[in-house]
Amino acid sequence: VLESLRYRWRGDRTEVETARLLGELYGQAGRYGEAFRIWEAARQRHPDGPIARTISADMDDLFRRLFLDNEADALAPLDALSLWYEYDYLTPQGEEGDRLVRRIAARLEAVDLLDQAASLLAHQIEERDAITGYAKAQIAVDLARLYLIANRPEDALRTIQSTRIARLPDGVLEARRLLEARALADLGRHEHALELIGGERSAEAEILRAGIAWDMRDWSGAGRRFEAVHSERWREPEPLEPGEAHDILRAAIAYALADDTSSVERLEARYARQMGETAFGSAFSLITSEV
């Protein structure tokens, strides 16, 4: 009924009020694209007046609900991203806008659009003068991680090194150090990477050290470090997570390459049952049985 009225009644307040109500109904029905299109058309046809300003506020409110309050999570990822790109001019300024852009970058990453996600975050760092200090350092963490996933360690290293500031929280500092070390390791600068994380004792740092030992073909050291990250995990009854199982498999391979039969036998005795329940079970069985 409202669609019919919108096309038959033109040129006065009734048209704008009809468009506003129709947009609200489409928004409530989850037909967000239609809501935005109707509101935008009404706003352009009648740019002046209190109802036009109210429609602008309605558009801003729906946009925030979708991309800051997570209503867009109910949409297919590509549909949500298409909606954002079409109406990105509604992105709020300041901290809210920065948070929204980081969420959009995460959605892009989730559908393997890594270059688009990286470009979005790079624009925040390089072109947004309002983003400084702590906010820029946080965005740099996300951007450097994306560059590493996309096998672009030079860009990751440049991003971290160009956004250094003093007095960052310990958690952010550790994340930046680990990313910088991983980029250095990917570039073959293993000793420099190990020196950079020499004081870190987190599980992430230990896994990075194990990976560096693997890259340097220090098989004994790699096996020992991968196993140490999950040293008591074999005592727990819960199934191994994929990342844990992958580390145990790499430990077995490293020990095998180091001809360390006793360590392979120890891993088999501890993890055979748990590894058999994972996607790496057959590979683990093959490695341990061959040794």
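A residue counts as buried when its relative accessible area is under 20%. The views below show a predicted model.

View 1. Phe63 and Phe67 are both buried. For Phe63 the relative accessibility is 0%, and the residue therefore counts as buried.

**View 2. The aromatic pair of Phe36 and Phe63.** Eight aromatic pairs are found in a search of the whole structure. One of these is the edge-to-face pair of Phe36 and Phe63, with 6.5 Å centre to centre and 70 degrees between the planes. Phe36 belongs to helix 3 (residues 32-45) and Phe63 to helix 4 (residues 50-67), so the pair ties together parts that are 27 residues apart in sequence. Phe36 counts as buried because its relative accessibility is 0%.

**View 3. The aromatic cluster.** Phe36, Phe63 and Phe67 are among the members of one aromatic cluster. Trp39, Tyr87 and Tyr89 also belong to this cluster.

**View 4. Packing of helix 5 on helix 6.** Helix 5 (residues 77-86) packs with helix 6 (residues 94-110) at an angle of about 140 degrees, and the axes lie 10 Å apart. Helix 5 is therefore oblique to helix 6. Their crossing is left-handed. From helix 5, Pro77, Ala80, Leu81, Trp84 and Tyr85 meet Leu100, Ile104, Arg107 and Leu108 of helix 6. By class, this contact has eight nonpolar residues, one charged residue and no polar residues.

Note on methods. Residues numbered from 1 in each chain as written. Predicted model: local features only at pLDDT ≥ 70, side-chain atom pairs only at ≥ 80, totals over all residues. Heavy atoms only, no water. Axes fitted to C-alpha atoms, helices over the stretch in contact; angles between N-to-C directions. Helix = DSSP H or I, 4+ residues; strand = E, 2+ residues; numbered from the N terminus. Parallel < 35°, antiparallel > 145°, perpendicular 65-115°, else oblique. Left-handed = near helix turned anticlockwise from the far one by under 90°. Contact = heavy atoms within 4.5 Å. Nonpolar A, V, L, I, M, F, W, Y, C, P; charged D, E, K, R; others polar. Phe/Tyr/Trp six-rings, centres within 6.5 Å; stacked < 30°, edge-to-face > 60°. Buried < 20%, exposed > 50% of the residue type's maximum accessible area, 1.4 Å probe, protein only.
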